[in-house]
Amino acid sequence: MAGFLSTYGFLIVSMVMGALLGLSLYLPLMTGQLSLASPGFYALGGYIAAILSTQVFKVSDGLYPIGLVLLEMSIAGVVSGVLGVLVGIPALRLRGIYLAIATIAFVEVLRVLSLNLDITGGAVGIFGIPQPFLTPIEYLWIVIPLLLMSMVLLYRLERIRLGRAFTAIREDELAAGAMGIDPTYYKVLAFTLGAILAGVVGAVSAHFLNTWNARQGTFDASIVYLTSVLIGGTRTFVGPVLGGMVFTALPEVLRAIADTAGLPLWLAQFLRDGRLIIFGLLIVLGTIFFPQGLVTPDLFKRRKDRKSQS
Amino acid sequence: MIDENLTTSNPILEAKSLNRTFGGLVAVNNVSFTVNKNEIFGLIGPNGAGKTTLFNMITGLIEPSSGQMFYQGEEISFLRPHLIAKAGIARTFQNIRLFGDLSALENVTIARHIHTKSGFIRGILGLPPAPSEEIRNKQKALELLDLVGLSDRAFEKARNFPYGDQRRLEIARALALEPQVLLLDEPAAGMNPSEKNQLSEFIRELRSQFNLTVILIEHHVPLVMGLCDRIAVLNFGKLIALGDPAQVRTNPAVIEAYLGSD
Amino acid sequence: MDITLFVQQFLNGLSIGSIYAIFALGYTLIFSILGIINFAHGALFTLGAYFTYALMGEAFGLNGLLANAALPVKLPFALALILGSALAGLVGVAVERIAFRPLRRKRADSLLTVVSSLGVALVIVNLIQYLVGAENYTFPGNTYGNLPAAINFGTAEKPIPIRTVQVVIFGVSVVILTILTYFINRTKYGKAMKAVAEDPITASLLGINTDGFIVLTFFISSFLAGLAGTLVASSVSIPGPYFGIAFGLKGLAVIVLGGLGSIPGAVLGGVVIGLIEAFVPADYSAYKDAFAFGILFIMLLVRPQGLLGRRFVQKV
């Protein structure tokens with residue numbers, strides 16, 4: 001067991017963070033808004049934690065206190081939330097493709113800034129971010145409660161007035177307005193919740209990865225997480241959670257398959273190096289054949305029906 | 001000519017010189033009228049006369065180019081749609097805009113939004129009054145589904161309903177707002193003659209049961225003549241007649257523009 | 001600013017802007033017909049550059065499946081440019097068949113099409129990397145034959161040197177724009193294309209083969225992407241398979257600034273952004289990209305329909 005955890009500890013924590021990032025993209029999608037801003041807030045949260053822990057708190061001896069990590073996460077969440085509202089209010093007046101483009105622009109501006117500012121360490125980034133734990137697997141103490149909290153929150157959300165307002169806007173924004181629902185308010189709320197989550201995850205991630213630079217949270221990253229949400233499912237939070245985990249693990253899985261004996265050499269090599277090609281193909285096939293993703297609410301309903309009948 | 005004497009002293013909705021242009025096209029041209037409380041008010045006119053545009057202006061989906069609208073004495077000309085809905089004006093849509101992927105019950109429950117107070121925190125944590133509100137909303141929604149005769153299919157997806165049932169479901173959804181004024185955009189479209197008769201009766205019942213004011217757009221002239229207290233006739237965006245069915249029927253401008261062409 | 005420097009930067013800006021313009025035109029043509037953004041456009045830009053490079057008979061580097069491979073032909077640059085861009089155009093047609101048409105048939109949400117095109121971009125970019133590695137490829141020194149490295153637009157005393165490549169880029173862009181304008185406004189095909197853009201259903205009732213024109217549009221659009229990619233690569237180099245992603249995003253800034261779906265808008269947007277970038281002070285040149293996206297963001301907020309676009313009215 002200990003051997004397994006030390007081998008796969010890094011992967012397991014990454015998977016949980018993948019699920020969280022999936023949820024951060026899913027939140028705006030609940031209102032039908034394709035926002036690619038999550039990676040931007042993720043990067044921002046990471047920089048906040050990296051700067052605070054290396055330049056402000058500066059704990060020199062022993063392990064870095066977990067309390068400070070939690071504090072950094074809270075600060076990252078608040079800053080991301082405020083920025084989320086500031087960006088969201090004007091941007092969410094835009095629909096569909098315009099919003100997607102605006103969020104891409106937002107992420108790019110953040111990226112160029114982080115590449116050039118002194119405080120973010122320029123192109124090199126920030127390294128030597130202090131560790132609160134001795135082994136990667138122990139990060140589960142932070143990310144598992146975070147994931148559980150987010151899941152409970154979303155489980156509840158999908159069943160109350162607020163979640164219904166989100167759904168109504170996703171289904172038909174105009175009709176939702178005619179039913180007394182303020183589309184702008186709820187779209188900004190969903191966008192901001194996603195931003196907060198991404199910022200908080202970024203803060204943990206900076207410690208977890210030990211270094212932080214402008215390669216975190218780029219356009220590619222958003223495509224990968226978008227894949228996980230879309231293939232996982234866009235109609236219930238279970239989809240992005242599973243999708244985020246599976247797609248984070250996928251490169252490792254592909255590598256493991258590639259190592260199995262007897263595979264033709266070209267296939268083994270493709271599985272090892274062609275990860276993103278496979279991702280891309282999955283995106284195309286997924287959008288064509290499973291427009292609502294693999295995990296849909298109907299899946300649960302049907303099971304419930306069967307249970308109640310038997 | 002428009003008979004001014006019919007504007008009685010109990011107005012609930014008032015339009016003053018409403019105009020709306022799209023590019024160079026004048027969709028609604030200087031239209032003024034008053035709808036009285038508890039009235040069933042018909043809006044008729046040939047295709048493209050500006051009826052739906054007028055509805056869209058009343059419900060805030062599009063802004064008037066000029067002119068004003070008042071609801072219970074308050075100006076609503078530039079209010080956003082959700083605020084107008086909150087004020088008490090609900091509507092259905094000509095080309096049915098249900099939340100197709102959701103069940104009938106969910107469609108109606110969503111429209112209970114403005115009568116539910118629990119926000120984010122209380123809702124998530126299930127603190128009072130959120131749970132009791134949820135139960136009350138569901139009951140209310142089921143009652144409304146029962147009223148339109150759809151309670152036995154409450155859990156079916158809205159998009160799977162036949163056309164006539166979708167129209168009824170849209171009415172139930174609008175009623176969930178507990179409106180003062182109900183705007184129906186071609187409620188009889190796609191219905192057969194016997195369904196149309198039932199609909200007339202149903203609208204009258206709704207008026208008395210909920211103390212409603214009903215404004216409806218309808219193409220089927222006999223239905224409008226039989227149901228409405230007063231009728232406004234639009235042609236090319238202009239109001240060409242306003243009065244009770246007998247007056248409208250004999251109005252030469254109406255005969256020329258609309259009835260005559262039938 | 002010194003006047004000669006000003007003229008020099010102006011001419012450079014015009015050259016960059018013209019390449020932005022023909023690249024962005026590709027986006028806009030597809031948007032005006034289908035109402036979608038083809039996020040694979042940047043990848044086709046990259047692909048065009050690699051195709052041309054290969055057609056010139058240059059060998060690929062050490063990494064990737066095709067390490068050290070070279071085509072047995074050695075085409076001159078002009079010919080390779082046209083063929084390479086045409087190949088990118090054909091790939092664009094294939095992309096339409098695989099990733100766009102099935103969704104169109106299902107009348108899927110246009111956001112799904114966006115996502116699908118992102119998937120295509122991911123496949124193309126990483127396939128390139130898989131095949132020829134992530135190395136930097138520089139076009140051969142004799143790409144532009146015996147032309148001098150720079151041309152003087154000033155006087156002998158006050159020289160205003162502009163790199164020949166920039167002049168060629170500007171020239172080619174102007175030629176392409178002229179041909180395209182003629183094609184769209186004067187020919188039967190162009191008019192039909194506009195009709196499809198205006199109203200696909202009516203157009204098909206009028207006997208226009210809608211699918212055929214969509215294919216043609218994808219070919220032209222992707223041809224333009226490949227052409228732009230090659231020209232830019234011949235000016236700097238192909239820094240790797242991700243070459244087109246940043247340019248693709250820049251192209252978005254251009255079309256949003258000019259107005260989505262507006263052909264003159266794409267040209268205007270390209271030139272404006274090219275000029276703005278040329279005049280970003282040297283101290284801030286690292287922030288050059290942020291300017292384009294900052295403008296894009298602000299434009300979306302104050303005037304989403306862009307400088308020359310038409311306001312979109314939703315039907316109720």
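**A close look at chain B**

Guide: Strand E1 of chain B, residues 11-22, and strand E2 of chain B, residues 25-36, pair in the antiparallel sense over eight bridges, where pairing means that DSSP finds at least two bridges between two strands. Helices (H or I, at least four residues) and strands (E, at least two) are DSSP runs, numbered from the N terminus. This is a predicted model, in which local features need pLDDT of at least 70 and side-chain atom pairs count only at pLDDT 80 or more, while totals for chains, interfaces and linings use all residues. Residues are numbered from 1 along each chain as its sequence is written, and chains are lettered from A and ligands numbered from 1 in the order in which they are written.

E1(B) and E2(B) form a hairpin with two residues between them, and in the turn B:Gly23 has a positive phi of about 60 degrees.

How much confidence does the predictor place in chain B? The pLDDT, which is the predictor's confidence in each residue on a scale from 0 to 100, has a mean of 89 in chain B, and 95% of the residues of this chain reach 70 or more. Over residues 1-7 of chain B, however, the pLDDT is below 50, and beyond near neighbours in sequence this stretch has nine contacts in the model, a contact being a pair of residues whose C-beta atoms, placed from the backbone, lie within 7 Å. Where pLDDT is low, the predicted coordinates should not be read in detail.

Helix H1 of chain B, residues 51-58, is mostly covered, since eight of its eight residues are buried. A residue is called buried if 20 or more other C-beta atoms lie within 10 Å of its own, exposed if 12 or fewer do, and partly exposed in between, with C-beta atoms placed from the backbone. The buried residues of H1(B) include B:Lys51 as well as B:Leu54, B:Phe55 and B:Ile58, and the helix is followed by B:Gly60, whose phi is positive, near 80 degrees.

Further along, B:Ala104 lies in helix H3 of chain B, residues 104-110, and counts as buried because it has 31 C-beta neighbours inside 10 Å. Leaving aside neighbours within four places in sequence, B:Ala104 is in contact with several residues, among them B:Leu145, B:Leu150, B:Arg153 and B:Leu169. The C-alpha atom of B:Ala104 is separated by 34 Å from that of B:Thr34, a residue 70 residues away along the chain.

B:Glu178 has a positive phi, near 50 degrees, and its place is in the loop between helix H6 (163-175) and strand E7 (181-185) of chain B; with 15 C-beta neighbours inside 10 Å, B:Glu178 counts as partly exposed. B:Glu186 likewise has a positive phi near 50 degrees, and is found in the loop between E7 and helix H7 (193-210) of chain B, but B:Glu186 is buried, with 20 other C-beta atoms within 10 Å.

Chain A has 13 helices and zero strands, and buried residues make up 55% of its 310 residues. Its C-alpha trace spans about 60 × 55 × 35 Å along its principal axes. Within chain A, 82% of the contacts with a separation of 6 or more are between residues 24 or more positions apart. Between chains, 34 residues of chain A are in contact with 37 residues of chain C. To the side of chain A that touches chain C, helix H4 (96-116), helix H9 (219-232) and helix H12 (275-289) of chain A each give two or more residues, and H4(A) gives the most, with 14 residues.

Notes: Two residues are in contact if their C-beta atoms, placed from the backbone, lie within 7 Å.
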